[in-house]
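Please find below a short note on the structure, arranged as numbered points.

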Amino acid sequence: MQRYNILWADDEIDLLKPHILFLTNKGYDVTPVNSGADAIDKCEANHYDIVFLDENMPGMTGLETLSYIKSTKPNLPVIMITKSEEEHIMEEAIGSKIADYLIKPLNPNQILLSVKKILDNKRLVTERTNLTYQQDFRNISMVFNDRLDHQEWVDVYKKLVYWELEINNTDNRSMAEVLDMQKEEANANFTKFIKENYESWLNDHTADKPILSHQLMKKKVFPALESGKPVFFIVIDNLRYDQWKTIESIVSDLFNLDEEDAYYSILPTTTAYSRNAIFSGMMPSDMVKYHSDLWVGEDVEEGKNNEEGEFIIRQLKKNKIDIRSSYNKIKHVSQGKQLVENFNNLLGNDLNVIVYNFVDMLSHARTDVEMIRELAPDEAAYRSITRSWFLHSPLLDLLRRVADKDAKVIITTDHGTIRVKRPFKIVGDRNTNTNLRYKQGKNLGFDNNDNVFVIRKPESAFLPKLNVSTAYVFATEDKFFAYPNNYNYYVNYYKDTFQHGGVSMEEMIIPVISLSSKNV
């Protein structure tokens, strides 16, 4: 076991010998000094893992000593010890980034707890996290043998994300590989669940079903309008549930979390289908039927999401909702800043729909730009970049403005992504679409139906049908489609990239967060 070095500065250090002996017997090496000046000299000459600092020392006070130590060794943990319980001393010490604050008379176990919390925290957290996940591993695996409903699958996914984030925060990620295998098992079973239930959700009105993309505004956004407060409906393209959890703490500093719910993205899990479904309130084949002037099909090269604002207007009109609304799509930082500058104008609207495209652009850049691949080699780094973007984005500036007003906020996305690892060969003609996670076309050729979800009658899934033999084939789990031509190049280029369009928990189970202002 590693022995830690502790520096203890107190003008009555001789009275603390029993405590020093207690720590020594517990395996810590303690260096005692009786002034702030001596503490500074020792810190400059030696390495210490932690410093105990009495606040009320003659000459240089504890707070003055703390300030000097932090200016030269900002990462050295300091525990402030004092007889005083005055609030201003506590606040000054906390503002100077102390690691802990103890009040005399000291208790040996109190001291030990503080030391362990600081020095052994990561080791203890790692050991406890790994042990607890091992205990939960069996419970999660046994659940796969049950016939889960859509809400139970949401619960399974949330639990797996919880453990992924917990294990990622440990020093020794020894259980990460086990968790990855369990996620693969979960996605294999989730695929079976979707194959068995997806079409009945769309066609059987008596079926137990989740909220789907085209029902989202009616079920979650329109009811919020009844509060009479401005509603900000923010769609962050490609935001997975685990990415939401990485920014949740930032958002919860500003807002009350009224509800953390989930809905299911329709198939294909792509912007063209799922986001248009959100804003139109319709499934794709109905959009083709009733809004042919707005729908852009696979056979057209033009952008598929250029009419979102008009879709929203028509959905409001269809539901007889007569309100003031706005729609803004943010693709560049300058657009985000301009929206913040125009914030006061937004308050005059009952509904403000805001689409942020950063996370989607990040996933595409990670595929195409080598440097981004290096910056985000795995899910943990992908989450980290998302959090960093959010911290410095105009979106957070906008949310700060909203938080100061009496308003409602709903944050969601249109679909998630999955890191693809296993190629699956498919053959199609030159009119087949290029998405790696789903194919639409005629005479699509592949070897094994078990590896894909096939919809041979598009009308049963309310999908557009370009010709009589059109079929849709969806990649499942972590697979991606590759053509036999230039197969090795194709596989090497796209393996380990984040893709969407197919069937997985990451793509289909979507967070929808309802918030209200704290400061009102």
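1. A nonpolar core is here a set of buried Ala, Val, Leu, Ile, Met, Phe, Trp, Tyr and Cys residues joined through side-chain atoms within 4.5 Å. The model is a predicted one. Its largest nonpolar core has 99 residues. Those with the most contacts inside this core are Trp 153, Phe 190, Ile 194, Tyr 198, Phe 233, Tyr 264 and Phe 279.

2. Ile 194 may be taken as an example from that list. Not counting residues up to four places away in sequence, Ile 194 touches Trp 201, Tyr 264, Leu 267, Phe 453, Val 503 and Met 508. Another core, of 19 residues, lies apart from the largest one; Tyr 4, Ile 81, Leu 102 and Leu 112 are among its members.

3. Helix H7 (residues 150–168) and helix H18 (residues 379–391) have axes that come within 11 Å and cross at roughly 90 degrees. The two helices are therefore roughly perpendicular to each other. H7 contributes Glu 164, Leu 165 and Asn 168 to the contact, and H18 contributes Glu 379, Ala 380 and Arg 383. By class, the contact comprises two nonpolar, one polar and three charged residues.

4. Lys 421 is placed in the loop between strand E11 (418–419) and strand E12 (422–425). Lys 421 counts as partly exposed because its relative accessibility is 25%. Its contacts, leaving aside neighbours within four places in sequence, are Glu 184, Asp 478, Phe 480, Lys 495 and Asp 496.

5. Lys 421 and Val 491 are 70 residues apart along the chain, and their C-alpha atoms are separated by 9.0 Å.

Note on methods. Residues numbered from 1 in each chain as written. Predicted model: local features only at pLDDT ≥ 70, side-chain atom pairs only at ≥ 80, totals over all residues. Heavy atoms only, no water. Axes fitted to C-alpha atoms, helices over the stretch in contact; angles between N-to-C directions. Helix = DSSP H or I, 4+ residues; strand = E, 2+ residues; numbered from the N terminus. Parallel < 35°, antiparallel > 145°, perpendicular 65-115°, else oblique. Contact = heavy atoms within 4.5 Å. Nonpolar A, V, L, I, M, F, W, Y, C, P; charged D, E, K, R; others polar. Buried < 20%, exposed > 50% of the residue type's maximum accessible area, 1.4 Å probe, protein only.
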